[in-house]
Amino acid sequence: QEGSGDRPDPEPIPNPWPKRLLRVGVPLLLTLAILFTWNPAFLERASRMLGMSSLPEKRWVAVLPFDVHCDNDRQRPFVEGLRRDLEGVLLNLSRESRSLRVFPLRSSDEIGTPLEAGEELGVNLALMGSLTCEGGNGIIHLSLVSAEDNGLLETDRIDGSLNDRNQLATRTRRSVRAMLHLRVSVASTGTLAAGPDLEGIFLEGQGFLFRSDDPALLKKAVERFERVIDEVPDFAPAHAGLAEAFRHLYSHQPRREWIERGKASADLAVALDDQNPDSLIAKGWVLLEFGEWERALEAFDKALELAPDDANALRGRASALDKGDRSAEAAQVFEQAIELYPDEWSGYRELAHHYWGLGDYQRALENFQIVSSLLPDSSVAANNVAAAYLLLEKYGLAEQVLKASIENKDSSYAHNLLGTCYYRQERYEEAAEEYERALELEDSEWDLWGNLAGTYRLLDLPGEAERCYQEGIGRLEDALEINPEDAELRLDYVD
């Protein structure tokens, strides 16, 4: 009381709220921090609730071609491999997220802006990027842009040495994940920690492997995968890639060494990691080349258990069913793969081969034409269209396509087909010239030797005809040792 000087001032009553806030608030903040750090989806939902998120709820994404600003083109395969790797990572994540869809680009797509991606593909987000070379360093610029109004949503810059593209690739993946508020497991990134620039070399191999229609690029893929394996012998994805490259080379040039090396690589890939879908898929395709369609089907089915929507596994499964005379089932699986990936050219190529085997050359032609539209710069795609024209007896169209193909890229296959075009029109001297030119470029095809032998016989050159028949028979015997059950090979041998 006032005037009571002998009484001490009362001590203030302590306020309990600051301590309570510390006891409750600090753990709460720590919990939120952990959720934000380890579960970006939680952050995105919370941001939307607060009206702060710039991303749409449904993220439909296209990864546009990356620009390369360097003095030469040495980095282009790495950049294309990285771009497709980002597509693959996002495709894997989309299987676990209802809000994410990824629209892979076709090689024929002339999409350069987010607005074009929105218009052509129906996406609402576009990921853009570029690599700039400055001395020995690389700078990757990333931008996430709205495909609806061209608004810039996120940007990032990744700097690193071009001698260590592992880190550039790994940090780029992390940046894209953060931009889209996605989680990605360490296993799904497939990074290579050991050795200088191994991830960059591996991605270059993947970039070259995508163009399996071009033997020259396939040989570059082989070289890249072998460089990775030299440094990290137990890296299963490189062995799987090597097996696929050799298998595709064998389809272009049926040399026994290609398919035997492919088999060895596929066996090792599965031995190293039998839970990797790519290892199982590579094994399945190689088994098909050896005529073991039942074992191939098992490999593809196991791969599909691990990756249910993998286009290569679906195409492989359909091809195995085809080899097992289950053509109706095969057609359904081919169509399923195309429905999932309507812009991937390999699906139409395999479906064309399916119709070819059934003798439905018109439908084979239609699918080969789709492949050619998706790969307008591919001479192999054009040659397949011409081959279908030949069987439909449209010789004028076949000749026109083949001459344009040869002008674009001189190849044994194109000269072989043009020779057949002349042969069927009884223009035997011109046919012989084309077959001879084809043999100068590649002499491993048994049917080419047989074609030239038949032409020499009609030109009354029996000695030359017999020599060519013997060459063809020798190559067929090698092929029958690899796949003794192939009915077409047996018929060719009898002929």
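The chain has 23 helices and six strands; both are DSSP runs numbered from the N terminus, helices being H or I with at least four residues and strands E with at least two. This is a predicted model, in which local features need pLDDT of at least 70 and side-chain atom pairs count only at pLDDT 80 or more, while totals for chains, interfaces and linings use all residues. Residues are numbered from 1 along each chain as its sequence is written, and side-chain values use heavy atoms, with hydrogens and water left out.

Of the 495 residues in the chain, 48% are buried. Buried means under 20% relative accessible area, exposed over 50%, and partly exposed in between (1.4 Å probe, protein chains only). Contact means heavy atoms within 4.5 Å. Among contacts between residues at least 6 apart in sequence, 54% join residues at least 24 apart.

The whole structure holds one disulfide, a term for a pair of cysteine sulfur atoms within 2.5 Å. Cys-70 and Cys-133 form this link, with an S to S distance of 1.9 Å. The link is right-handed, with 65° about the S-S bond. Cys-70 lies in the loop between β2 (67-69) and α3 (76-94), and Cys-133 in strand β4 (residues 125-134), so the pair, 63 residues apart, links distant parts of the chain. The table gives the accessibility of these two cysteines and of two others.

| Cysteine | Relative accessible area | Class |
|---|---|---|
| Cys-70 | 22% | partly exposed |
| Cys-133 | 22% | partly exposed |
| Cys-421 | 0% | buried |
| Cys-468 | 0% | buried |

Helix α16 (residues 361-374) has 14 residues and spans 20 Å from its first C-alpha to its last, close to the 20 Å expected at 1.5 Å a residue. The expected span is 1.5 Å times one less than the number of residues. Buried residues of α16 include Ala-364, Leu-365, Phe-368 and Val-371. The buried residues of this helix pack against α15 (345-358) and α17 (379-391).

Helix α19 (residues 412-424) packs against helix α21 (residues 446-458) at an angle of about 30°, with the axes 11 Å apart. Ser-412, Asn-416, Thr-420 and Tyr-423 of α19 take part in the contact, and α21 brings residues including Leu-448, Asn-451 and Leu-458.

Note on methods
Axes are lines fitted to C-alpha atoms, for helices over the stretch in contact, and angles run from 0 to 180 degrees between N-to-C directions.
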